[in-house]
Amino acid sequence: MRILNKKGAEKLFSIWWFFVLAIVGGGITIGVLMHYSADIDVRYLESDILHDKINDCLVNQGFLINGLITKTVDIFNKCNLEKSLFEEEGDFYFKIEISDKDNKQIFSNDEKQVFTEEKDVGLTNGEEIDKKFSDLDRVKKAIKEKNSACAPYADRIVESSNKYGIDSLLILSLMMQESNCKKDASSESQIFGFEQGASYGLMQINGKNECGKHGLDSDKEKCKNELFNNPELNIEIGVKILKSKYNDFGGKVTEEKLLSCEKCCHDSNYIKKYASYTGDSLALRGYNGWGCGKNADTNFVENVRGRYNELGGSILTSNFETECKIQEENEDGEKIEAKYFPKCTIKKENILYYESNEIKKGVIKIITASNQEGEKFMIK
Amino acid sequence: MRKIDIFRLNNKKSESLIYPTVIFIILNILFFSILLLFVFKSSSGALIYEQVYAKQIALIIDKAKPDMEISIDFSEGIEIAKKNKLSEEQLKRIVEIDSKTNKIIVSLSNKGGYSFKYFPDYFVSSDFKENQLILNIKEKEVENENSE
């Protein structure tokens, strides 16, 4: 045991000891008070939720709701938004811009000529998103968010996507639509068997058409067994078939071509719809077949595209936590700052919309922001 | 034997040396205990919980859809309100939702509270079942029709 001498013990209570305690105590107290009195910032979360809410109510499975472009729909009413909170002194803000495929603006909800300044935070277009998040990350994220059973097949989806140049999320959407990622899924029934064109496995490969090809056994049972128990091969064949369908009708389908095709739909109710498909939609329709009979899924393309949009495949731009300066023109035509939002969300998505009974491609851009600060109140 | 004498503080010289050391240690422990108590009190204070609950409820309502019933564990909030000696009647009103102004008001003490707004045009009613806060989300129009 070391005993301090008297001189040392007296030094313990020097003025410096109190000085050190005061600094330590003061520092901790100020730090704690600053930390716990600071507001928890949820403005970005609010603007993101607001974006999702508006997007969900205006875009249904990739299609813009009718009446928005013609301004017959009240957005506040349609999306259940409290209008007073979005007016002049309100804490919330949103702006919707819709443009056609030529980038010409065809709708804007803001009548006051409002301009925005976007501070780029890195994600500026689809290419940038791909650079920042690898394809595999996109697929894994989509699978995780949708709680799908597709997780074991993520790597194979990306491999096939790279091999055939098809968007990995489109392949995932197709797989979810066809089998919900169940490797033993089958459309076979007592009255609809192999010979009638039943489909098997993850990508629902038509046994009658495909067995004996793509390295599959020509024996019916062996082929079915391969399609069920070799999910990698099943995906590979499915994507290969999808790729070939982009060239159906020479890549451009018309009503005349459909009418001249024996196995295709001849029903006037569907011919117009089928003839409007191009690109991915055309390939998806071809994948499911061009029929429109009792057993045909006439909404197959819309269903797959809906899944694709839900998985975030249609998102072109995502600017998170960006800064928005809302400007308006004064009487002299000068731009003046009307509002400033340090945290806002800007997303651009591909959409389809109806115009003169035609399906057209466009882009919707939704800007949302929140500037809400909570209120502490005291009771006297 | 000398060692024992030191511990019993029979030796006058040793006694005068050990007392300042013991007092020094006790004062240090006291000082840091008070600091720890202050940090703990600050982190579990009503003001923090009021803000967290108000914002959490607002974000949940923002994300909700009409006809949803949402249950939120409010046990910590109730515990704090009880510590702050709120009466049974006051405990029922620690969360108030004003559907006219879209405000959520959380008050876990007699001194005040915290309010935060939600943006959907919903009629939201709240009720407590044991330690669970139950939120019922309805469209405002439907609610008006019912009341008529």
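## Structural report on chains A and B

Four strands form an open sheet in the order 11(A)-4(B)-3(B)-2(B), and their pairing is antiparallel. At its edges stand strand 11 of chain A and strand 2 (95–98) of chain B, each of which pairs on one side only. From one strand to the next, the twist averages 20 degrees. The model is a predicted one: local features need pLDDT of at least 70, side-chain atom pairs count only at pLDDT 80 or more, and totals for chains, interfaces and linings use all residues. Residues are numbered from 1 along each chain as its sequence is written, while chains are lettered from A and ligands numbered from 1 in the order in which they are written.

Some terms need their limits. Helices (H or I, at least four residues) and strands (E, at least two) are DSSP runs numbered from the N terminus, and two strands pair if DSSP finds at least two bridges between them. Angles, from 0 to 180 degrees, are taken between the N-to-C directions of lines fitted to C-alpha atoms, for helices over the stretch in contact.

### Where the chains meet

Contact (C-beta atoms, placed from the backbone, within 7 Å) links 32 residues of chain A with 35 residues of chain B. On the side of chain A that touches chain B, two or more residues each come from helix 1 (6–11), helix 2 (15–37), helix 3 (43–58) and strand 11 (375–378) of chain A. Helix 2 of chain A gives the largest share, six residues. By class, this side of chain A has 20 nonpolar, five polar and seven charged residues; here Ala, Val, Leu, Ile, Met, Phe, Trp, Tyr, Cys and Pro count as nonpolar, Asp, Glu, Lys and Arg as charged, and the others, Gly among them, as polar.

Strand 11 of chain A and strand 4 of chain B run antiparallel and are joined over four bridges. Within this pairing, A:Phe377 stands opposite B:Gly113. B:Gly113 belongs to strand 4 (residues 112–117) of chain B and counts as buried because it has 23 C-beta neighbours inside 10 Å. The limits are 20 or more other C-beta atoms within 10 Å for buried, 12 or fewer for exposed and in between for partly exposed, with C-beta atoms placed from the backbone. Beyond four places in sequence, the contacts of B:Gly113 are A:Phe377, B:Glu50, B:Ile105, B:Val106 and B:Ser107. B:Gly113 also lies 9.5 Å from B:Ala54, C-alpha to C-alpha, although the two are 59 residues apart in sequence.

### Strand pairings

The table lists pairings in both chains.

| Strand pair | Sense | Bridges |
|---|---|---|
| Strand 3 and strand 10 of chain A | antiparallel | nine bridges |
| Strand 9 and strand 10 of chain A | antiparallel | twelve bridges |
| Strand 2 and strand 3 of chain B | antiparallel | four bridges |
| Strand 5 and strand 6 of chain B | antiparallel | eight bridges |

### Chain A

The mean pLDDT (the predictor's confidence in each residue, from 0 to 100) of chain A is 82, and 87% of its residues reach 70 or more. Over residues 119–133 of chain A, pLDDT stays under 50. Where pLDDT is low, the predicted coordinates should not be read in detail.

The 16 residues of helix 3 of chain A should span 22 Å at 1.5 Å a residue, which agrees with the 23 Å between its end C-alpha atoms; the expected span is 1.5 Å times one less than the number of residues. Buried residues of this helix include A:Ile49, A:Leu50, A:Ile54 and A:Leu58, as well as the charged A:Arg43 and A:Asp48. Their cover includes strand 3 (92–100), strand 9 (335–355) and strand 10 (358–370) of chain A, together with helix 3 (46–63) of chain B.

Strand 9 and strand 10 of chain A form a hairpin with two residues between them, and A:Ser356 in the turn has a positive phi of about 50 degrees. A:Ile351 stands opposite A:Gly362 in strand 10 of chain A, and A:Tyr93 has A:Ala369 of strand 10 as its bridge partner.

### Chain B

Chain B contains six helices and six strands, which follow the pattern α-α-α-β-α-α-β-β-β-β-β-α along the sequence. Of its 148 residues, 26% are buried. Among contacts in chain B with a separation of 6 or more, 61% join residues 24 or more positions apart.

Helix 3 of chain B lies across strand 2, strand 3 and strand 4 of chain B, at about 25 degrees to strand 4.

Another open sheet of chain B has three strands in the order 1-6-5, paired antiparallel. Strand 1 (69–73) and strand 5 (122–129) stand at the edges with a single partner strand each, so one side of each has no neighbour in the sheet. The twist here averages 25 degrees from one strand to the next. In strand 6 of chain B, B:Leu135 is the bridge partner of B:Ser126.

Terms used. Two residues are in contact if their C-beta atoms, placed from the backbone, lie within 7 Å.
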